[in-house]
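Visitor: I would like to learn how to read ring contacts and sheets in a model. Please take me through one.

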Amino acid sequence: MTIRTGTANEKANGTRPATGAGAPAAAGAGVGAGAAAGAGAVLRRDALHGSLGSPAMGSINFLNEVMGRFPDAISFAPGAPHTSFFAEIDTARHTARYLRHLEEERGLKPEQAERLLYQYGPSRGLINGLVADALRTDQGIDVPPESLVITVGCQEAMLLALRALVASPADLVAVVNPCFVGLSGAASVLGVDLVPVDDTEEDTGGADGTGGTGGGTEGGIDFAQLDEVCRAARRAGRRIRALYAAPDFSNPSGGFMSLEARHRLLAVAEREDFLVLEDNAYAFTAEQPGALPPLKALPGGERVVHLGTFAKVCMPGARVGYVVADQPVRDASGRTGLLADELATLKSMVTVNTSPLSQAVIGGILLEHGGSLASVVRAKAELYQRNLRLLLDALDRGLGPGTGAPAGVSWNRPRGGFFVRVRLPVAADERLLERSAREFGVLWTPMSHFYLGDGGDRQLRLACSYLDPDTIEEGIVRLTRFLHAVCP
């Protein structure tokens, strides 16, 4: 069993160059050592929290820095929503619709409704009932409003869930590897130990003749490895407290979990007595939305803590997410509440509350569409499906079988989501990315940023969500030239 601690790991020690204000200061005490007269306190990097040196914490800043230095490069790095959808956002109209809801449904006077949006709000949230109704209608997740906490994006939901569930050094969190850096970064900040469990995605397309243009991929979890991870934890006097998974087109790999694998995961969670943290950010991009239910909606879903966001389907700048945590919690006196109650208590000490104005915007959008986001996501899913097809087709034309492309280049073929994983015969590290941007004008993300341990060194991630068709085409032309230049 390989354990990555939340405070340090092998990649954090010297493999990422320190720059700017976070670079190590002169040797000496934690504060003030080696500082010139009048320079103020100079802090040693190694005297700060170990998470600040982890690759998960530095990857986003690194990519932003590279993009800033090469503004003319075509970037397949950010998994951002497409900006064309921002034109339909009218924050004033959405807010007014929510205010009218408060007046009509809750009987508030206009000045009372407005004051509700101007004040600090309840830590649990304001739009819980609207979100619960949408989850029931759109995803088959039938939970009461009090089981939800409205969070500052999905990132806060992850942090709160990890903090609540990991109670002692004996507790471990398993993650499907590669893993979203938001989860691994939150674990690092909290000092939560992570254990990787490999995904089982198979490549079905590429220049090495592994499948061409047909077929698709249905990844999942290496269940044999998960069983061994659970056994190894017990042998070490520890336990798997939770497992983080994104069953629908995960970031970064685009992995997808079959229905059989979903049922099997919930059965393992029951047998091994752990919870599943389900990240549901990309399910709406499926070719047939709703074809496979989320883990939370399946039998055994009582073991699932469901994490969601409105960033991709409504408005990323609102920073509104949610967590469904309907698990009963019994205290020493025998009183029973919900895990959501505990998360709301934690939130009150982290962000106090999620912006009421932001919640009003999302609430207004929900109300304008009859409490369902099905019609909202349909056009967005079609655009993202189009972009994904264009990206895969461009890869086929530039690097597929019969093109004379370098041997050892292959990629997966996700059926949804924002991301494609490409394997190379050379190390796809930050130095190679620098060359790609400088000489060929194309950016991508090293997959090593997403792996616990040493995996992903010869893989890169391509994101296509916020690009236009012509840019995707030109970007792959540039990527093809780059790979011809660097691959043997």
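Visitor: How many aromatic pairs does a search of the whole structure find?

Guide: This is a predicted model. The search of the whole structure gives 10 aromatic pairs. One of them joins Phe 249 and Phe 256, with 4.9 Å centre to centre and 20° between the planes, and is stacked. Both Phe 249 and Phe 256 are buried.

Visitor: Is the pair of Phe 440 and Phe 482 stacked or edge-to-face?

Guide: Planes over 60 degrees apart count as edge-to-face. The planes of Phe 440 and Phe 482 stand at 65°, with ring centres 5.7 Å apart, so this pair is edge-to-face. Phe 440 belongs to helix α12 (residues 430-440) and Phe 482 to helix α13 (residues 469-486), so the pair ties together parts 42 residues apart in sequence. Phe 482 has a relative accessible area of 0% and is buried.

Visitor: Which residue lies over the face of Phe 256?

Guide: Arg 262 does, at 5.2 Å from the ring centre. Over the face of Phe 85 lies Lys 380, at 5.4 Å from the ring centre. Phe 85 is also part of one aromatic cluster with Tyr 282, Phe 284, Tyr 384, Phe 418 and Phe 419.

Visitor: In what order do the 7 strands of the open sheet run?

Guide: The order is β2-β9-β8-β7-β6-β3-β4, with mixed pairing. β2 (148-152) and β4 (194-198) each have a single partner strand, so one side of each lacks a neighbour in the sheet. On average, neighbouring strands are turned by 25° against each other, direction ignored.

Visitor: Which strands does helix α4 touch?

Guide: Helix α4 (residues 128-139) packs on the sheet and touches β2, β8 and β9, its direction making about 105° with that of β2. Helix α9 (residues 339-348) lies across β2, β8 and β9 and runs at about 30° to β2.

Terms used: Residues are numbered from 1 along each chain as its sequence is written. This is a predicted model: local features need pLDDT of at least 70, side-chain atom pairs count only at pLDDT 80 or more; totals for chains, interfaces and linings use all residues. Side-chain values use heavy atoms; hydrogens and water are left out. Rings of Phe, Tyr and Trp (its six-membered ring) pair if their centres lie within 6.5 Å; planes under 30 degrees apart count as stacked, over 60 as edge-to-face and the rest as tilted. Buried means under 20% relative accessible area, exposed over 50%, partly exposed in between (1.4 Å probe, protein chains only). Helices (H or I, at least four residues) and strands (E, at least two) are DSSP runs, numbered from the N terminus. A charge sits over a ring if NZ of Lys or CZ of Arg is within 6 Å of the ring centre and within 35 degrees of the ring normal. Two strands pair if DSSP finds at least two bridges between them. Axes are lines fitted to C-alpha atoms, for helices over the stretch in contact, and angles run from 0 to 180 degrees between N-to-C directions. Contact means heavy atoms within 4.5 Å.
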